2 protein chains.
Amino acid sequence: MAVPLTILTDPRRIEARRELAIPAGTTILVAAHAAGVDITATCGGRGRCTSCRVKFVAGVVPPPTIGDEVQLGDALVREGYRLSCQCAPTEAVTVQVAPPLEETSFQILGAGTGVVGRVTVVGGVDKQLVKVALPREEHHQTSDVEQLAAAVGMAAADVPAGVLAALPQALREDPAGVTVTTFAGRILAVERGDTTSMRFGLAIDVGTTSVVTTLLELTSGEQLASVSSLNPQAVFGGDLMSRIAFAQFNPGNLRKLHTRILGLLNQHIAEVCRTSGVLPKWIYKVVVVGNTCMHHVLLGIDPSYVGLAPYAPVMRHALTLSARELFLKIAPEARVCLLPLVAGFVGADAVAVALATRIYEGDVLRVAVDIGTNGEVLLGSAARLWACSAPAGPAFEGGQIRHGMRGALGAIDRVTVDEDLSVHTIGETDALGICGSGLLDLVAGLLEAGVIDWTGLIQVEQRDALPPRLRDRVLMRGEERVVLVLRAGEAGAPREIVLTQDDVRQLQLAKGAIASGIAMLRHVAGVSVEGVGELMLAGGFGNYLSIDSAVRIGLVPDLGSGRIRYVGNAASLGAQLCLLSEPERARADQIARRIEHVSLAAHPDFEQIFVDCMNFPRP
Amino acid sequence: MAVPLTILTDPRRIEARRELAIPAGTTILVAAHAAGVDITATCGGRGRCTSCRVKFVAGVVPPPTIGDEVQLGDALVREGYRLSCQCAPTEAVTVQVAPPLEETSFQILGAGTGVVGRVTVVGGVDKQLVKVALPREEHHQTSDVEQLAAAVGMAAADVPAGVLAALPQALREDPAGVTVTTFAGRILAVERGDTTSMRFGLAIDVGTTSVVTTLLELTSGEQLASVSSLNPQAVFGGDLMSRIAFAQFNPGNLRKLHTRILGLLNQHIAEVCRTSGVLPKWIYKVVVVGNTCMHHVLLGIDPSYVGLAPYAPVMRHALTLSARELFLKIAPEARVCLLPLVAGFVGADAVAVALATRIYEGDVLRVAVDIGTNGEVLLGSAARLWACSAPAGPAFEGGQIRHGMRGALGAIDRVTVDEDLSVHTIGETDALGICGSGLLDLVAGLLEAGVIDWTGLIQVEQRDALPPRLRDRVLMRGEERVVLVLRAGEAGAPREIVLTQDDVRQLQLAKGAIASGIAMLRHVAGVSVEGVGELMLAGGFGNYLSIDSAVRIGLVPDLGSGRIRYVGNAASLGAQLCLLSEPERARADQIARRIEHVSLAAHPDFEQIFVDCMNFPRP
């Protein structure tokens, strides 16, 4: 049986692609070479180097081999990189020939079905080694900072006070000179000796439920480390509204939220620095994205009125602070750039998604859905761009689900339902719970099998029509309808894992919020389902989302084959883009001003659309 | 016997003056009215109001009466204000008819022999009450800060992050609106309701030995409170060089100096606020002057190399920080303006003295001497301006003198020597020690009486030639030559107060430093003593310095009558000028760039000049 394989050979040009049909069991490298597509294989295709690596950009990413893990490391594997010599696809996939790691450009998600663009790395952080001529005569009329400023061609007043304290020693202790770090005409640091090659930055995505911090090298754009954790504010409220209610008119509680997120960010910084060997003082730029409430709380700004109609944010403009002002333990004068916001519930994360998906360009109307506890939906093209909030709640991140969990080791991330349930776990280890992508597969499969009907009810009464092994998993526990996903011991599960009727209802609420957001934006823009050229699903699921399952449960409309794709954590990617490219950061400002905010709750048609979207599509 | 009285009737015009000769015992008010000079006397000259107050600008200021103290208060009395209805001069004085307190201009020291100039108050801190239109519809595309910025005609990005935290509540809690405080196009505070009349600032003079903090109302320029204390860093070294040695290459010790001065400034702030009833959050502007080392330490900048040849300062440019960055407990975004420096030992205090004395304007060459532990001498006119450091040590502030003390209650501030010693104390209370002005009087009188010879030796061997009561005060105590200034019980002294041979030597070192600084600048500028049109003595002595005594001990050259005057704490006055007038603050920058620094120690002729200046002038 032939398997369709698309190879994007030049990420700069969308048209540079080869469509192949390869025999099952053939590795991508062998198939590519047979078709005349150049993929470098330095070790001869033995899995001993990284030169033949490709990145999966559409289709199911195969589980990593030992070769992938040893050669590419965790971070690249998680990003979807695989060694093409080790990987034989079994279903349709699109891969991109990977950019050389030393190249100073950075891959972005683009229009069409694959990755198309790269941006040149111009992060704005510059370092130069200078020798500063200090006065030798007593009759001088100068100072250390004037001599330094003259050496780098700036004014003394451009040197921030925080840099002055250690200046005299730095200028005198190393005959090689001092390394001066600048950003936007401002001196960020003066270090003794030559540290010009040490230039790093952080992209931080502060979500309601998850926080992701990524460390990048600012010359090559290479990702050195990434860490993701639960937002520790979650103990004070799972969704935004309860988080705001906790802080509302209560400065003490606001302070609790504020210190928790700052504490976590400093833990993340310590962790990415430890795993990469980078010193915190070499981090000079940070880009932060997050929804409006998270953004306000991070700055210690009272979000009370964000939670009260008409939901006015306190500020929306892009803000740049020093790390010192935010108490982040990196270079004290490092610039922390917060991307702009759009409205009370459409934040910088939505702007980052728009940036990364390039939804703002081209003639084709497209939809980008950022699925998260406080999700957003974008619809538009180069002409206009609309956005609304889609408060899905934490279900897709495993929250408020009986045995839900985030996409960590042991999470069930794939489920198939036929004669029985079968599961796959992240890391192929003992099953501990269900993450977002697994939950979607599970419910989609149960719908298809008739275990759940279109209203969402678990069909305990009709279980006798099911295949025997599946039937035994559908039962009443007292008053509660449950599907027994795993009995204790099955797939190594230390305890049984169930899907309850309540879990299904939570998922219905969550997917209803997203689906009705898409429907409402189409409604406002006057666009039919057929008028949507492409739909991009973004968000930090446990693993790559099954598009089929998303369509089956009605999370997204059925646009037909190839017009829906999963684009990963686009908010974090947008932050990385702004970290590596100042023109992209400037573009974020333009996008934020262009986005037209649609307030769903205030729209007279919303309630009926939401109720309709709560149900599952009938088969 | 007629007493010469000069009345300056219009501080804006130097020529507006009346020269009178009044009968001894006549009050200034009566004499002025008799001569047709208008002085308002609302209470009819009964000492019950402040309308007839005058300010003494030359000659000895008479001790305050109870009327002065009750009506004018401590601060004005210390500044030399007296009620003209209560005051009958006994020797030649010049007084200025006081400006109405509500007038928005501010008195400065000027050329000639009196006070001549006033500056219009344009401190740069503006407050306006605005009503901000907040969004009422959910379909808005705005934010609190955008609405605020629109209301005051600024951009949202001009609002500092520190102001945002409390913005949402402030905007919604008072129907009167919010008061927005701005400075140089920057929003400093947003307060609910109308606080437009609350606008205050601080002028801070950080000396090596003394720190003076003055609270001014920014509309009228009125001084509300002033506090002066010992610099608590003094325990780590009395003069600058020992202070620098303590911190040199020792970050822990630098931190001690840094926290001590910050702690004192916050104590001063608490004190001036308590005595005046002003809330710290209403203080929006601070101007700080100090020598280079004090300036660096206040900013936490390593001063190690300021103490090592070629004595390079780390920075010299004017710097403006937020109070938050300096940890000052006033409005967090208040602007703290540090005036520019000139060299390692010619600091912002010298620039402030130049500004307040107007030495930089006019054709006449003038000298300004700022006497302090790290004194400075300035010489110049509109054409050129030279400055050098004159490290007098703390003797003039009572330091390193056996029974020396600062000019506080109980300090001996005047001494006359004839048949015996007689003393006057500040507050006319029991004598506790000798302050700077008393020390000068004492040594000048002892020189004149032959108790001390021109080399500085106390003439114990020749004591028999002295009047009997004086003779009994000149004696050997073991190996030590002393003058018994007060025996225990005399003038209420709880213990005896002596002047030791070492004290005389300390004074010789101190006055030698100043005198040789003046001589060296004349030497560099090629100006004879006769070429100096005026000499202004500045500094925080215990009380108004006797010019005669200063000339007698050779602290300053004998320019002849009326060409030397004491101008008070000109450094603090310069800071106050910059607080009340942004054009004056801009002028400080120009002055700092104009001043030509003369390094004494590097000059080949300095040593001989210094040795000559150590001796007292022969009678």
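In this predicted model, Asn291(B) is in contact with Val206(B), Thr208(B), Leu240(B), Gly347(B), Asp349(B), Asn374(B) and Glu376(B), leaving aside its neighbours within four places in sequence. The residue sits in the loop between strand 14 (283–290) and helix 8 of chain B. Its relative accessible area is 1%, so Asn291(B) is buried. Along the chain, Asn291(B) and Ala323(B) are 32 residues apart, and their C-alpha atoms are separated by 20 Å.

One of the contacts of Asn291(B) is Asp349(B), and Asp349(B) also takes part in the meeting of two helices. These are helix 10 (residues 348–357) and helix 15 (residues 570–580) of chain B, which pack at an angle of about 75° with their axes 7 Å apart. Helix 10 of chain B and helix 15 of chain B are therefore roughly perpendicular to each other. From helix 10 of chain B, the contact involves Asp349(B), Ala352(B), Val353(B), Leu355(B), Ala356(B) and Thr357(B). From helix 15 of chain B come Ala570(B), Ala571(B), Leu573(B), Gly574(B), Ala575(B), Leu577(B) and Cys578(B). By type, the residues of this contact are 10 nonpolar, 2 polar and 1 charged.

Chain A has a corresponding pair of helices. Helix 10 of chain A packs with helix 15 (residues 570–580) of chain A at an angle of about 75°, and the axes are 7 Å apart. Helix 10 of chain A is therefore roughly perpendicular to helix 15 of chain A. On the side of helix 10 of chain A, the contact is made by Asp349(A), Ala352(A), Val353(A), Leu355(A), Ala356(A) and Thr357(A). On the side of helix 15 of chain A, it is made by Ala570(A), Ala571(A), Leu573(A), Gly574(A), Ala575(A), Leu577(A) and Cys578(A). The residues in this contact divide into 10 nonpolar, 2 polar and 1 charged.

How are the two chains related? Two copies of a chain are related by a rotation about an axis and a shift along it. Here a rotation of 180°, with 0.0 Å of shift along its axis, superposes chain B on chain A with an RMSD of 0.1 Å. That is the relation of a two-fold axis. Of the residues of chain B, Glu325(B) comes closest to the rotation axis, with its C-alpha at 4.3 Å. The copies meet through the same surface, because 100% of the interface residues of chain B are also interface residues in chain A.

The next topic is the interior. In soluble globular proteins, nonpolar side chains tend to be buried together. The largest nonpolar core has 109 residues, of which Leu148(A), Val178(A), Ile283(B) and Leu328(B) touch the most other members. Helix 7 (residues 251–276) of chain B gives the most to this core, with 9 residues. A second, separate core of 108 residues includes Leu265(A), Leu328(A), Ala350(A) and Ala356(A). Returning to Leu328(B), its contacts, leaving aside neighbours within four places in sequence, are Leu262(B), Leu265(B), Asn266(B), Ile269(B), Ala323(B) and Val336(B).

Some backbone details remain. Most residues other than glycine have a negative phi, and most peptide bonds are trans. In chain A, a cis peptide bond with omega of about 5° joins Ala309(A) and Pro310(A). Pro310(A) lies in the loop between helix 8 (292–298) and strand 15 (319–322) of chain A. In chain B, the peptide bond from Ala309(B) to Pro310(B) is cis, with omega near 5°. Pro310(B) is in the loop between helix 8 (292–298) and strand 15 (319–322) of chain B.

Two residues other than glycine have a positive phi: Arg358(A), where it is near 60°, and Ala184(B), where it is about 50°. Are they buried or exposed? Arg358(A), in the loop between helix 10 (348–357) and strand 17 (366–370) of chain A, counts as buried at 5% relative accessibility. Ala184(B), in the loop between strand 9 (178–183) and strand 10 (186–192) of chain B, is exposed, with a relative accessible area of 69%.

At 28% relative accessibility, Ala234(B) counts as partly exposed. Ala234(B) and Asp10(B) are 224 residues apart in sequence and 43 Å apart in space, C-alpha to C-alpha.

Key: Residues are numbered from 1 along each chain as its sequence is written. Chains are lettered from A and ligands numbered from 1 in the order in which they are written. This is a predicted model: local features need pLDDT of at least 70, side-chain atom pairs count only at pLDDT 80 or more; totals for chains, interfaces and linings use all residues. Side-chain values use heavy atoms; hydrogens and water are left out. A nonpolar core is a set of buried Ala, Val, Leu, Ile, Met, Phe, Trp, Tyr and Cys residues joined through side-chain atoms within 4.5 Å. Buried means under 20% relative accessible area, exposed over 50%, partly exposed in between (1.4 Å probe, protein chains only). Helices (H or I, at least four residues) and strands (E, at least two) are DSSP runs, numbered from the N terminus. Contact means heavy atoms within 4.5 Å. Axes are lines fitted to C-alpha atoms, for helices over the stretch in contact, and angles run from 0 to 180 degrees between N-to-C directions. Angles under 35 degrees count as roughly parallel, over 145 as roughly antiparallel, 65 to 115 as roughly perpendicular and the rest as oblique. Ala, Val, Leu, Ile, Met, Phe, Trp, Tyr, Cys and Pro count as nonpolar, Asp, Glu, Lys and Arg as charged, and the others, Gly among them, as polar. Copies are superposed by least squares on the C-alpha atoms of residues with pLDDT of at least 70 in both.
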